[in-house]
Amino acid sequence: MATRSGQWTCRSWHARAGGRVGTSCPMTDAKTPESPKIFATAEGRRLIAARSEHAGDAWKAWGPYVSDRQWGTVREDYSPDGEAWNYLPHDHARSRAYRWGEDAIGGFGDDHLRWCLGLALWNGRDPILKERLFGLTNQEGNHGEDVKELYYHLDSTPTHSYARMLYKYPQAAYPYDDLVRENGSRGQDVGEYELIDTGIFKDGRYFDVFVEYAKAAVDDILMRVRVVNHGPDAAPLWLLPQLWARNVWSWAGNLEKPLLRAISDTEVMATHPSMPEMRLLVEHGGELLFCDNDTNVNRLYGQSAPGYFKDGINDFIVGGQETAINPGRTGTKCANLRRIDVAAGGEYVMRMRFCVRQDLAGDGLADFDAVFAQRITEADEFYAALQEKVADADARLVQRQALAGMLWSKQFYRYDVHRWLEGDPAFPKPAASRGNIRNADWSNFNAADIISMPDKWEYPWFASWDLALQSVVLALVDPDFAKGQVMLLTREGYMNPNAALPAYEWSFGDANPPLHAWAAIRVFETDRALTGKPDHDFLKRVFNKLSMNFTWWVNRKDDEGRNIFQGGFLGLDNIAIFDRSSALPGGGTLAQSDGTAWMASFALSLLHISIELALQDTAYEDVAIKFFEHFLLIAAADGNSLWDDEDGFFYDMLGMPDGTRIPLRARSMVGLIPLNAVTILQDDEIKRLPAFASRMSWFLEHRPDLAGLVSNWDRVGQGGTVLVSLLRTHRMTRTLQRMLDESEFLAPNGIRAVSKAHEAAPYRLDLAGEHFELGYEPSESRSRLFGGNSNWRGPIWMPVNYLLLESLIRFDRYYGDGYRIACPTGSDTTATLAEVAALLSKRLIGLFTRGPDGRRAVHGDVPVLQEDPAFRDLLLFYEYYDGDNGRGVGASHQTGWSGLVAMLIHNLAWHWPQDIATGVDPVG
């Protein structure tokens, strides 16, 4: 809390904890076990079993692994021009068998999607069954691709023993054409036209459709669908839970097909060549419909082939085509049709079970509700243990929904690039031009894994730095899965032979910020904190691969060998005045402030890991020295080349062929990222590594030019800490003064990606006959450099905010109460860096939690979202947030990194002294 003089009265957390790494310090180096009670719960015991028994892993063998969107992806694109959105559009998805995956509403399947469960709906008015989520392609949206549905992930345990989601289905005809037409007519200076803007939810004329799964055993899946009619009148609904096999037989021509066969009106036998025999049990009163998960060549290609195709159930119900379904009640896709009328305010519940064939008492559904009740209780117990110290009920709601989104966003990801380029034996060879479009030099890539996705509709493919960030959050509830995700991209089949990590499927060869070493540390420390046991084997394995990847960066992204790095857009999309991944104007080369800072951070993360390992195995002491030296070389180059002492900020530098160097004085996140290049060592641990300590002393004596440019790492700070940072106190202070200035970066809900000063005074550059400009754009992007849906020109982005405040904590561990800064800049209120980090944490959490006025910033000015009890506590975790008011913008299910709010809530509850965690925002 602040006193009348503006000084905060609480002491920094390090003073409470003694400043030791071995105590519970916020967001980093947590070695004391925290929330261990989660492992005493039934769900926690399943996680423990997974460490030593196959049975534990078996509990994860089924999960929400079906994508939200498989159409319009690179994997399904066999076009000669690489226009993936057009090759397999939404209109084809119901009729064309996918090659590499499946999609569904509320999908659930085994870890290779041999069998898939999902939900289809029809309101009697739509032109097609609602089997999958609709959205606009990149060309159709005025701000790029965008899902146009309302659905929410509400709950899930880490093993998916229980999972729950909600889909809001309109009772009027779904406005497909209206959404396409209206968005297509809007310019980029206008907001997107969303489903809720169409008025289709007016007067509550929609169904809440809750889809729940519970496991009675590892291979005994219960599916429950509850429909609630919010409208004033009774309304009809065709309810169709579905079961189908992923099509793997069409591509080779010699594989045995799975088979679904009705053996009664309520039971279906399911046989698969690589699975045990299973059966589907449904309640009385429905009708079983069958077709095959095969492409309808008649509809799409004008053929006249016999068959019961993928869209057969759709054509039977919507089109009335009796011949579209198999009267013999066999196939590879089936549905349990229930035609119901739901009274106004009423509800309907449907039950279905899919399990390994066994003798079940009665109708096989007798224990159904009891199993669900038990699994819900177990989920509540697990999250009660995790949230034991989270006092605020609304924060608990936010955290649980954020983690639910993370867990629902796992997906089976199958992609064999060599096979994709060469084509399948049963099909014509694809056009050779495809190899010139993307991924031709990644023929080693061959994935068939469960991967955490950023967003299973808009980004149903991994991105390397997203995956690193996601792993850190997932470690809170499933550290073993998180460790596997960190390791994944370094494995054979992913990592390129040249040691590059794949960036994302649109261009594996692009470069994302190298965050995997940072993620490895964080996941290692969280795992140790939760279990009390350090997994040094994991750390060694990932360290060995990431050391190779570091060398790739040094060799490939430092054009002139000066330890100044490029990397292109580096995940920041259109934050620059031009596309940093393309040829630069005038033939110039770009020295990137963010690229160089990311590499300095990479070196420090590997230094941190190598010291942790060297304390166990002295063989790692030599590599610790290597990364320390490399960090110093990068720091010296960055400090001499990219720091502008007049402005007190870091800028990109454009080098022209004639030797001219042009600083690009756009104040943006690229100038704040150098703050992230900081780590804390312990003096007593350094002394246990004599060769490393000797080398540090040598640099102090013989290379004062290098040592003088970075932090005073020769001076022991609070709690015996040693600070190794890109920034000494003077540069750190000047950078923070910019960051904490409300007229620049500091916003009500976090740190903006571009200074608000550029709203009135955009940065402009005229070069080589071209005009370039960067302004402050707080929400939707007005630039289409990267498709238009990702805007780094002013909004608040959770991942870089999280990294910045974590860096503030590391600085505070060294400086403690001896360092205070005006917050906000220019005010009389000062704060320690720990207090600044707490302030930023609470502002970021405040994107989602209710404010004093009862409103959630993320919902913006949409009355129904803010006020309607059926909407106001349902949260979407967006790609980014309006830099002025916190409204959610971009991809609406980007729990991949906005899920970091779950970690912020955890850190405030478990690691902060109470007076900091609950203190009043001095400027809020």
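In the predicted model, E283 touches T266, R338, V349, M350, R351 and L365, not counting residues up to four places away in sequence; contact here means heavy atoms within 4.5 Å. E283 is placed in the loop between β13 (275–282) and β14. Helices (H or I, at least four residues) and strands (E, at least two) are DSSP runs, numbered from the N terminus. A polar atom of the E283 side chain lies 2.9 Å from the backbone nitrogen of R351. A polar contact is a pair of N or O atoms within 3.5 Å; within protein, one must be able to donate a hydrogen and the other to accept it, and residues adjacent in sequence count only if both atoms are side-chain atoms.

Residues are numbered from 1 along each chain as its sequence is written, and side-chain values use heavy atoms, with hydrogens and water left out. Because the model is predicted, local features need pLDDT of at least 70 and side-chain atom pairs count only at pLDDT 80 or more, while totals for chains, interfaces and linings use all residues. The average pLDDT of the protein is 92, and 94% of the residues score at least 70; pLDDT is the predictor's confidence in each residue, from 0 to 100. Over residues 1–28 pLDDT stays under 50, and the model has 87 contacts beyond four places in sequence for this stretch.

N293 is buried, with a relative accessible area of 1%; buried means under 20% relative accessible area, exposed over 50%, partly exposed in between (1.4 Å probe, protein chains only). A polar atom of the N293 side chain lies 2.9 Å from the backbone oxygen of A245. Leaving aside neighbours within four places in sequence, the contacts of N293 include W244, A245, R246, N247 and W249, as well as K310, T332 and K333.

An open sheet is formed by nine strands in the order β6-β7-β8-β9-β17-β13-β12-β11-β15, with antiparallel pairing. Two strands pair if DSSP finds at least two bridges between them. At the edges stand β6 (151–156) and β15 (330–331), each pairing on one side only. Within the sheet, β8 (residues 206–217) and β9 (residues 220–229) run antiparallel and are joined by ten bridges; L222 in β9 is the bridge partner of A214. Helix α10 (residues 393–408) packs on the sheet and touches β6, β7 and β8, its direction making about 95 degrees with that of β6. Helix α9 (residues 368–386) lies across β6, β7 (162–170), β8, β9 and β17 (347–356), and runs at about 90 degrees to β8. Axes are lines fitted to C-alpha atoms, for helices over the stretch in contact, and angles run from 0 to 180 degrees between N-to-C directions.

Strand β18 (residues 410–416) pairs with strand β19 (residues 446–452) in the antiparallel sense over seven bridges. Opposite D416 stands N446 in β19. Six of the seven residues of β18 are buried, and the strand is mostly covered.

Helices α14 (residues 516–531) and α15 (residues 536–556) pack at an angle of about 175 degrees, with their axes 10 Å apart. The two helices, α14 and α15, are therefore roughly antiparallel to each other; angles under 35 degrees count as roughly parallel, over 145 as roughly antiparallel, 65 to 115 as roughly perpendicular and the rest as oblique. In this packing, H516, A517, A520 and F524 of α14 meet H536, F538, L539, V542 and L546 of α15.

Another open sheet consists of three strands in the order β20-β23-β24, again with antiparallel pairing. β20 (589–591) and β24 (661–664) stand at the edges with a single partner strand each, so one side of each is left without a neighbour in the sheet. Direction ignored, neighbouring strands of this sheet are turned by 25 degrees against each other on average. Four bridges pair β23 (residues 652–655) with β24 in the antiparallel sense. D652 stands opposite L664 in β24, and the bridge partner of L654 is I662. I662 and L664 make up the covered face of β24, whereas R661 and P663 make up the uncovered one. β23 and β24 form a hairpin with five residues between them, and G659 in the turn has a positive phi of about 95 degrees.

In helix α27 (residues 900–910), eleven of the eleven residues are buried, so the helix is largely enclosed by the rest of the structure. Among them are M903, H906, N907 and W910.
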